[in-house]
Amino acid sequence: DVVKDHLLPDLEKLGYVGDDLCKMVLYLAATSRLLERPVSVLSIANSSAGKSYGQAVVLSLLPEDQVHLLTRLSPKALSHFNKRDLVHKVLCIDEVDGVEEMAMAQLRCLLSRGKLTSAYTHIDPQTGRMETVQKDVEGPTAVFTSTTAEETVYNETKTRFLILPVDSSEEQTKLVQKALIRQ
């Protein structure tokens, strides 16, 4: 089995220990970016349980140009990507709390429709008249994000994500501690 023989040991070597289910789900979701309906993941666990770390390690296996790592997402940021910037890419936002509500609405549309379509007005430099311009940002796009408080995430948002509980058990903590000591 390729996953057990190669992926899991490779992730362990990179410092992502234990929690094999999360490792496999994150990797499959990351590779699903190439599909027409990629899987997006919302990792949930207590603070410092390794949600962002696990995502970062898995995403480090992808080519750099396939991942957009963001700390926050402002209200209009998604609509300002170039038309094909997000096609078959992973958009990783550190914390779901870093996504402002208008941006979250755009993110939900991107995940549901596979693209964003925005309209804005500008003055035509040749005629001096106001005109409406339409801009598309295409997907499909896989999104990775995390939270410590699932109850604060709107149900509408949750329906677009695979909810992934991260192991924060005492056994998992001991595995992490042992790995840190070995470094």
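Two strands count as paired if DSSP finds at least two bridges between them. Helices (H or I, at least four residues) and strands (E, at least two) are DSSP runs, numbered from the N terminus. The model is predicted: local features need pLDDT of at least 70, side-chain atom pairs count only at pLDDT 80 or more, and totals for chains, interfaces and linings use all residues. Residues are numbered from 1 along each chain as its sequence is written, and side-chain values use heavy atoms, with hydrogens and water left out.

**View 1. The open sheet.** Five strands form an open sheet with parallel pairing, in the order β2-β3-β6-β1-β7. β2 (67–70) and β7 (162–165) are the edge strands, each pairing on one side only. On average, neighbouring strands of this sheet are turned by 15° against each other, direction ignored. (Axes are lines fitted to C-alpha atoms, for helices over the stretch in contact; angles run from 0 to 180 degrees between N-to-C directions.)

**View 2. The β1–β6 pairing.** Four bridges join β1 (residues 41–44) to β6 (residues 141–147) in the parallel sense. V41 has F144 as its bridge partner in β6.

**View 3. Helices across the sheet strands.** Helix α3 (residues 51–59) lies across β1, β2, β3 (89–93) and β6. Its direction is about 155° to β6. Helix α4 (residues 101–113) lies across β3 and β6, at about 135° to β6. Contact here means heavy atoms within 4.5 Å.

**View 4. Salt bridge K23–D20.** A salt bridge is a side-chain nitrogen of Lys or Arg within 4 Å of a carboxyl oxygen of Asp or Glu. The whole structure holds eight. K23 and D20 meet at 3.3 Å, N to O. They are three residues apart in helix α2 (residues 20–31), so about one helical turn separates them. K23 is buried, at 0% relative accessible area; D20 is partly exposed, at 35%. (Buried means under 20% relative accessible area, exposed over 50%, partly exposed in between; 1.4 Å probe, protein chains only.) E12 joins D20 and K23 in a network of salt bridges.

**View 5. Salt bridge R72–E100.** The side chains meet at 2.1 Å, N to O. This pair links distant parts of the chain, 28 residues apart: R72 sits in the loop between β2 and β3, E100 in the loop between β3 and α4. R72 is partly exposed at 48% relative accessibility, and E100 is partly exposed at 32%.

**View 6. Salt bridge E150–K158.** E150 and K158 meet through their side chains at 3.7 Å, N to O. E150 is partly exposed, at 32% relative accessibility. K158 is buried, with a relative accessible area of 18%.
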